[in-house]
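I opened this entry to log what I looked up, site by site. My notes follow the model.

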Amino acid sequence: MSISEHTNLPQEQETLASFVQRVRASLGLSQHEVALKAGIHLQSLGKIERGLTSRLNYKTLNGLALALQTPVEYLDAVSKGLPLAATTELKFCPHCWTPGTAPDPLWTHARAKFCCFCGFQLINRCPSCSEPISSMKFRFCPFCGCSYKAKTTAG
Ligand SMILES: [Zn+2]
Ligand SMILES: [Zn+2]
């Protein structure tokens, strides 16, 4: 399975409707498959893609993010019409980040590669299975169960 890392980044001023359509097309999934994976009604997905729904509830947001293999933050930003952040990426330091909290803006800066606090290399995917991190609100990888926070080896 090959996933392009760039296609699921929202474009500037892209609407939720076109973002969802584009990412779904890039994954080669039908509306039916996405609705099924996201755990939402086919009708609801149709409405989203026709631009009739712009506010997503928590469950839809998370389901869609999983189905479209895109971070919840991206969907959230496009649905709210927020200018995401061509300059922002979901990245964090596995040592300094406190799971469940927002990552430090210095980590998510597009050009940041290393932690400003400890110098460790920033990561944007699961350290164990390499699946993209779908939300910074998650403490554990939904794919392999690995903790996103690095284990401290010595006591
Ligand atoms: Zn650090
Ligand atoms: Zn994982």
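**Aromatic cluster and zinc sites**

I started at Trp97, which is buried, with a relative accessible area of 1%. I call a residue buried under 20% relative accessible area, exposed over 50% and partly exposed in between, using a 1.4 Å probe and protein chains only.

Ground rules next. The model is predicted, so I note that local features need pLDDT of at least 70 and side-chain atom pairs count only at pLDDT 80 or more, while totals for chains, interfaces and linings use all residues. Residues are numbered from 1 along each chain as its sequence is written, chains are lettered from A and ligands numbered from 1 in the order in which they are written, and side-chain values use heavy atoms, with hydrogens and water left out.

I then looked for aromatic pairs. Rings of Phe, Tyr and Trp (its six-membered ring) pair if their centres lie within 6.5 Å; planes under 30 degrees apart are stacked, over 60 edge-to-face, and the rest tilted. By this rule I get three aromatic pairs. In one of them, Phe92 and Trp97 have ring centres 4.6 Å apart and planes at 50 degrees, so the pair is tilted. Phe92 is buried too, at a relative accessible area of 0%.

Phe92 also pairs with Tyr148; this pair is tilted, with 6.3 Å centre to centre and 55 degrees between the planes. The pair links distant parts of the chain: Phe92 is in the loop between helix 5 (72-79) and helix 6, Tyr148 in the segment after helix 6, 56 residues apart. Helices here are DSSP runs (H or I, at least four residues), numbered from the N terminus. Both Phe92 and Tyr148 are buried. I record Phe92, Trp97 and Tyr148 as one aromatic cluster.

**Zinc ion, ligand 1**

Which residues coordinate the zinc ion (ligand 1)? I find Cys93 (SG), Cys96 (SG), Cys115 (SG) and Cys118 (SG), at 2.2 to 2.3 Å. I took as donors N, O and S atoms within 2.8 Å of the metal (3.2 Å for Na, K and Ca); water is not among the atoms, so sites may look incomplete. The donor spacing along the chain is C-x2-C-x18-C-x2-C. Cys93 lies in the loop between helix 5 and helix 6 and Cys118 in the segment after helix 6, so the pair ties together parts 25 residues apart in sequence. Cys93 is buried at 0% relative accessible area, whereas Cys118 is partly exposed at 42%.

I checked the geometry. The four donor atoms subtend angles of 103 to 113 degrees around the zinc ion (ligand 1), which makes the arrangement tetrahedral. Four donors count as tetrahedral if all angles lie between 85 and 135 degrees.

**Zinc ion, ligand 2**

The zinc ion (ligand 2) is held by Cys126 (SG), Cys129 (SG), Cys141 (SG) and Cys144 (SG), at 2.2 to 2.3 Å. Its donors follow C-x2-C-x11-C-x2-C along the chain. Cys126 and Cys141 both sit in the segment after helix 6 (105-108), 15 residues apart. Around the zinc ion (ligand 2), the four donor atoms subtend 105 to 112 degrees, which makes the arrangement tetrahedral. Cys126 is buried, with a relative accessible area of 2%. Cys141 is buried as well, at 4%.

Methods: Tetrahedral: all angles 85-135°; square planar, octahedral: opposite > 155°, others 65-115°. Helix = DSSP H or I, 4+ residues; strand = E, 2+ residues; numbered from the N terminus.
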